[in-house]
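This report describes a protein model strand by strand.

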Amino acid sequence: QVQLVESGGGLVQAGDSLRLSCVASGRTFSYYNMAWFRRAPGKEREFVAAVTWSGASTSYADSVKGRFTISRDNAKNTANLQMNNLKPEDTAVYYCAARPRLASGDYTYWGQGTQVTVSS
(Lines give C-alpha, C1' and ligand atoms only; values in the text may rest on other atoms or scores of the structure.)
Protein backbone atom coordinates (compact mmCIF):
# COMPACT_ATOMS: atom_id res chain seq x y z
CA GLN A 1 0.00 0.00 0.00
CA VAL A 2 0.90 3.65 -0.37
CA GLN A 3 -0.46 6.74 1.34
CA LEU A 4 -0.61 10.01 -0.59
CA VAL A 5 -0.74 13.56 0.74
CA GLU A 6 -1.14 16.54 -1.58
CA SER A 7 -0.17 20.13 -0.86
CA GLY A 8 0.38 23.40 -2.67
CA GLY A 9 -3.13 24.43 -3.60
CA GLY A 10 -4.43 27.93 -3.10
CA LEU A 11 -6.18 30.97 -4.51
CA VAL A 12 -4.43 32.67 -7.42
CA GLN A 13 -5.27 34.98 -10.28
CA ALA A 14 -5.51 34.03 -13.92
CA GLY A 15 -2.06 33.81 -15.46
CA ASP A 16 -0.36 32.88 -12.19
CA SER A 17 1.46 29.65 -11.41
CA LEU A 18 1.18 27.02 -8.70
CA ARG A 19 3.16 23.91 -7.89
CA LEU A 20 1.34 20.97 -6.37
CA SER A 21 3.23 18.27 -4.52
CA CYS A 22 2.24 14.74 -3.58
CA VAL A 23 4.28 12.97 -0.93
CA ALA A 24 3.98 9.20 -0.76
CA SER A 25 4.65 6.89 2.15
CA GLY A 26 4.45 3.14 2.50
CA ARG A 27 5.63 0.85 -0.24
CA THR A 28 8.58 1.80 -2.46
CA PHE A 29 7.55 4.86 -4.46
CA SER A 30 9.14 3.69 -7.70
CA TYR A 31 6.76 0.73 -7.70
CA TYR A 32 3.98 3.07 -8.82
CA ASN A 33 2.96 5.06 -11.84
CA MET A 34 1.59 8.42 -10.67
CA ALA A 35 -1.10 10.76 -11.92
CA TRP A 36 -3.00 13.92 -11.14
CA PHE A 37 -6.76 14.21 -11.55
CA ARG A 38 -9.14 17.04 -10.78
CA ARG A 39 -12.80 17.54 -10.00
CA ALA A 40 -14.43 20.88 -10.67
CA PRO A 41 -17.70 21.86 -8.95
CA GLY A 42 -20.60 20.04 -10.55
CA LYS A 43 -18.38 18.05 -12.89
CA GLU A 44 -16.96 14.56 -13.11
CA ARG A 45 -13.41 13.83 -12.08
CA GLU A 46 -11.05 14.20 -15.02
CA PHE A 47 -7.54 13.12 -15.84
CA VAL A 48 -4.90 15.87 -15.82
CA ALA A 49 -1.47 14.27 -16.20
CA ALA A 50 0.46 11.06 -15.57
CA VAL A 51 4.07 9.97 -15.24
CA THR A 52 5.49 6.46 -15.37
CA TRP A 53 7.37 4.92 -12.48
CA SER A 54 10.76 5.93 -13.86
CA GLY A 55 9.71 9.39 -15.01
CA ALA A 56 10.63 8.49 -18.57
CA SER A 57 7.15 8.98 -20.00
CA THR A 58 4.45 11.54 -19.33
CA SER A 59 0.98 12.23 -20.68
CA TYR A 60 -1.41 15.17 -20.41
CA ALA A 61 -5.00 16.13 -20.97
CA ASP A 62 -5.38 18.38 -23.99
CA SER A 63 -6.75 21.15 -21.78
CA VAL A 64 -3.47 21.48 -19.85
CA LYS A 65 -0.90 20.51 -22.46
CA GLY A 66 1.79 23.15 -22.74
CA ARG A 67 0.83 24.76 -19.42
CA PHE A 68 1.22 21.95 -16.86
CA THR A 69 4.24 19.75 -16.23
CA ILE A 70 4.22 16.55 -14.19
CA SER A 71 7.42 15.26 -12.64
CA ARG A 72 8.58 12.92 -9.90
CA ASP A 73 11.54 12.48 -7.61
CA ASN A 74 11.80 8.86 -6.54
CA ALA A 75 14.53 9.68 -4.03
CA LYS A 76 12.12 12.04 -2.23
CA ASN A 77 8.95 9.97 -2.78
CA THR A 78 7.34 12.98 -4.41
CA ALA A 79 5.28 13.68 -7.51
CA ASN A 80 4.78 17.27 -8.59
CA LEU A 81 2.48 19.20 -10.89
CA GLN A 82 3.77 22.55 -12.07
CA MET A 83 0.86 24.63 -13.30
CA ASN A 84 1.59 27.75 -15.32
CA ASN A 85 -0.69 30.29 -16.98
CA LEU A 86 -3.60 29.18 -14.85
CA LYS A 87 -7.13 29.83 -16.06
CA PRO A 88 -10.41 30.12 -14.15
CA GLU A 89 -11.48 26.82 -15.71
CA ASP A 90 -8.58 25.14 -13.89
CA THR A 91 -10.43 25.71 -10.62
CA ALA A 92 -10.95 22.31 -9.01
CA VAL A 93 -9.89 19.96 -6.27
CA TYR A 94 -6.71 18.26 -7.46
CA TYR A 95 -5.99 14.67 -6.50
CA CYS A 96 -2.81 12.67 -6.62
CA ALA A 97 -3.19 8.99 -7.54
CA ALA A 98 -0.95 5.92 -7.71
CA ARG A 99 -1.17 2.67 -9.59
CA PRO A 100 1.23 -0.29 -9.46
CA ARG A 101 3.43 -0.07 -12.53
CA LEU A 102 2.37 -3.46 -13.89
CA ALA A 103 -1.33 -2.74 -13.43
CA SER A 104 -3.81 -1.16 -15.82
CA GLY A 105 -7.20 0.44 -15.45
CA ASP A 106 -8.25 2.65 -12.57
CA TYR A 107 -5.74 4.12 -10.19
CA THR A 108 -5.64 2.29 -6.90
CA TYR A 109 -4.60 4.83 -4.29
CA TRP A 110 -5.76 8.41 -3.87
CA GLY A 111 -4.87 11.41 -1.79
CA GLN A 112 -7.37 13.63 -0.03
CA GLY A 113 -7.09 16.44 -2.57
CA THR A 114 -5.98 20.05 -2.55
CA GLN A 115 -8.12 22.99 -3.67
CA VAL A 116 -6.97 25.21 -6.52
CA THR A 117 -9.01 28.33 -7.18
CA VAL A 118 -8.20 30.65 -10.07
CA SER A 119 -9.90 34.03 -10.16
CA SER A 120 -10.38 36.03 -13.35
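## Strands and their pairing

Strand β2 (residues 10-13) pairs with β11 in the parallel sense over 4 bridges. Gln13 stands opposite Ser119 in β11. Strands here are DSSP runs of E with at least two residues, numbered from the N terminus, and two strands pair if DSSP finds at least two bridges between them. The model is predicted: local features need pLDDT of at least 70 and side-chain atom pairs count only at pLDDT 80 or more, while totals for chains, interfaces and linings use all residues. Residues are numbered from 1 along each chain as its sequence is written, and side-chain values use heavy atoms, with hydrogens and water left out.

Strand β11 (residues 114-119) also pairs with β9; these two run antiparallel and are joined by 3 bridges. Ala92 stands opposite Val116 in β11. Buried means under 20% relative accessible area, exposed over 50%, and partly exposed in between (1.4 Å probe, protein chains only).

An open sheet is formed by 4 strands in the order β1-β3-β8-β7, with antiparallel pairing. Its edge strands, β1 (2-7) and β7 (68-73), each pair on one side only. Within this sheet, β1 and β3 pair over 6 antiparallel bridges, and Val2 stands opposite Gly26 in β3.

## The disulfide

The structure holds 1 disulfide, a term for a pair of cysteine sulfur atoms within 2.5 Å. Cys22 and Cys96 form it, with their sulfur atoms 2.0 Å apart. The pair links distant parts of the chain, since Cys22 lies in strand β3 (residues 18-26) and Cys96 in strand β9 (residues 92-100), 74 residues apart. The torsion about the S-S bond of Cys22 and Cys96 is about -75°, so the disulfide is left-handed. Both Cys22 and Cys96 are buried.

## Thr91

Thr91 is found in the loop between β8 (78-83) and β9. Thr91 counts as buried because its relative accessibility is 19%.

| Backbone atom | Distance to Thr91 side chain |
|---|---|
| Oxygen of Pro88 | 2.9 Å |
| Nitrogen of Val118 | 2.9 Å |

Leaving aside neighbours within four places in sequence, Thr91 is in contact (heavy atoms within 4.5 Å) with Ala40, Pro41, Gln115, Val116, Thr117 and Val118.

Note on methods. A polar contact is a pair of N or O atoms within 3.5 Å; within protein, one must be able to donate a hydrogen and the other to accept it, and residues adjacent in sequence count only if both atoms are side-chain atoms.
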